[in-house]
Every structure is written in C-alpha cells, then in structure tokens.
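Let's take a walk through a protein model together. Have a look at it first, then read on.

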Amino acid sequence: MDDRGGSFVAVRRISQGLERGNTCHSTSAEVVAGSTAWLGRGLSCVCAQSRESDARPSFDLTPSQEECLQRLQNRIDIAYDSSIPEHQEALRALWNAAFPEEELRGLISEQWKEMGWQGKDPSTDFRGGGFISLENLLFFATNFPKSFKDLLWKLEGDRSVWEYPFAVAGVNITFMLIQMLDLEAVSFNSTVKPRTMVGAVFLKFLSENESAFDLLYCITFKLMDHQWLAMRASYMDFN
C-alpha cells in the first residue's frame, strides 16, 4: 500500500517450514516491501517461530525501549473525553480528512453514521479503544489517505450489500492490538520484562520508530479488510 510517497508492509504469507533453531530468515514471508519493511519481516518471523510447546521467554528492556513503551502506555491510558478541546479537534480533523468537501454540523450529528459510527455521537464508541483509537484513525487518514478512503468507501473487491462499520472496526482493531501485544500488562520497574516473543519484537520496532504502533494499526486494518473479502463476509459476520 503506497500513499503520497509513504508505504507500509503487508505480510501476505507466512512460510509453513521452519528452519532448525531460532534464526529468523527473510524468506519466511512474502512481503510487499516499503519504508517500514522491517515491521513486516520481524512480525512474520515471530509468527513463524511461535509454537505452543515453546517455553515462555524472558526479555530485558533497554532504557530506550522502556522509555518508548512508557510513552505508548501513557497514550493507551488516555480515555476519550468529549470535554477536552484537543480531543474535539482531533475528531473534527478526522471528519475533515474523510469528508473534506462536506461541512460537519456538530460533534454530535447524524452525519457520523456515514463514517461507520454506531450512532450520532462517536464518543460513545471510543470506550473500548480510548483516545489512541482516534489517533490511529487520524494517523491512517493523514499518512495513507488513498488507502484510508478505499477502506472507508469499500472501493476494493467484491462487496456484500451490508458491510462492516468502518469506524467501529477501527476502534476494535486498536483494542485488539493492545491485547495481542500485551501492552496494558507491562509494568515499569527493574523486574518486569515482556512476557511474549511478539511483545519483545514489537518493543524493538517501537524503539526504532515511535510510530510503530500506528503503522502496525494501518497494516492490520488493511489485512482485516483483505480477510473480510476472502471470507465473502457480510455484516452478520462482523463480530
């Protein structure tokens, strides 16, 4: 996926064959390479190496990783609050990115249903993902506008009559990634370490690029939509 000179990776297939030992090979996945190809290669290796029989690994955090993770954790802990001007402006910015030619009549408006919110007040849908879920959507719309609008308007593939609600799906993806990466469970003291290989590899990415979570969000949204099409899903399959 490539927008305005920026691109990110989509892992298309994880190899079923594993090399002996723990060495990660670049051939373990087919990757659409872009400016963040490191993200796709690393996560594909993690997925390929993860087995139920593996012992739970233990990892040390570098000061840089701990600092980056603390900043991300701080973002995750912020609930969406419709009384905060910054949150209001972010919501308006999301609308303007999605519908630049349509004036928003209010932060509570029937217009929001056009983006796939459940009702006329998007703030009620942020409870599962918090303010970071709005930041993720805005990051996607700002950095990859073509791909964002392709998903918003369901422009790719053979679609069903009733589709998944775009905005609600976006909030759910944020929540899912937080759970998968075990981000809420990590504490910050000298004894606590990442509890999974995926968490440890993600911390490496985060220390190299502080937008790693936002980029991974964009990748995941695109992959979710691809899977939706592959399943020939309809709204009844959304959960």
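**A walk from a loop to the core**

Let's start with aspartate 182, which counts as buried at 14% relative accessibility. Buried here means under 20% relative accessible area, while exposed means over 50% and partly exposed is in between, using a 1.4 Å probe and protein chains only. You'll find aspartate 182 in the loop between H6 and H7. Helices are DSSP runs of H or I with at least four residues, strands are runs of E with at least two, and both are numbered from the N terminus. Follow the chain for twelve residues and you get to proline 194, whose C-alpha atom is 8.2 Å from that of aspartate 182.

A quick note on what you're looking at: this is a predicted model, where local features need pLDDT of at least 70 and side-chain atom pairs count only at pLDDT 80 or more, while totals for chains, interfaces and linings use all residues. Residues are numbered from 1 along each chain as its sequence is written, and side-chain values use heavy atoms, with hydrogens and water left out.

Now for the core. In soluble globular proteins, nonpolar side chains tend to be buried together. A nonpolar core is a set of buried Ala, Val, Leu, Ile, Met, Phe, Trp, Tyr and Cys residues joined through side-chain atoms within 4.5 Å. The largest one here has 53 residues, and Met115 and Phe221 touch the most other members. Among the elements that give two or more residues to this core are helix H2 (63-76), helix H6 (166-180) and helix H8 (212-230).

Let's zoom in on phenylalanine 221, which is buried at 0% relative accessibility. Leaving aside neighbours within four places in sequence, its contacts (heavy atoms within 4.5 Å) include Leu137, Phe140, Tyr164 and Phe166.

What about the rings? The whole structure has twelve aromatic pairs. Rings of Phe, Tyr and Trp (its six-membered ring) pair if their centres lie within 6.5 Å; planes under 30 degrees apart are stacked, over 60 edge-to-face, and the rest tilted. Phenylalanine 140 and phenylalanine 144 make an edge-to-face pair, 6.5 Å centre to centre with 70 degrees between the planes. Phenylalanine 166 and phenylalanine 221, by contrast, are stacked, at 5.0 Å and 25 degrees. Because phenylalanine 166 lies in helix H6 and phenylalanine 221 in helix H8, this pair ties together parts that are 55 residues apart in sequence.
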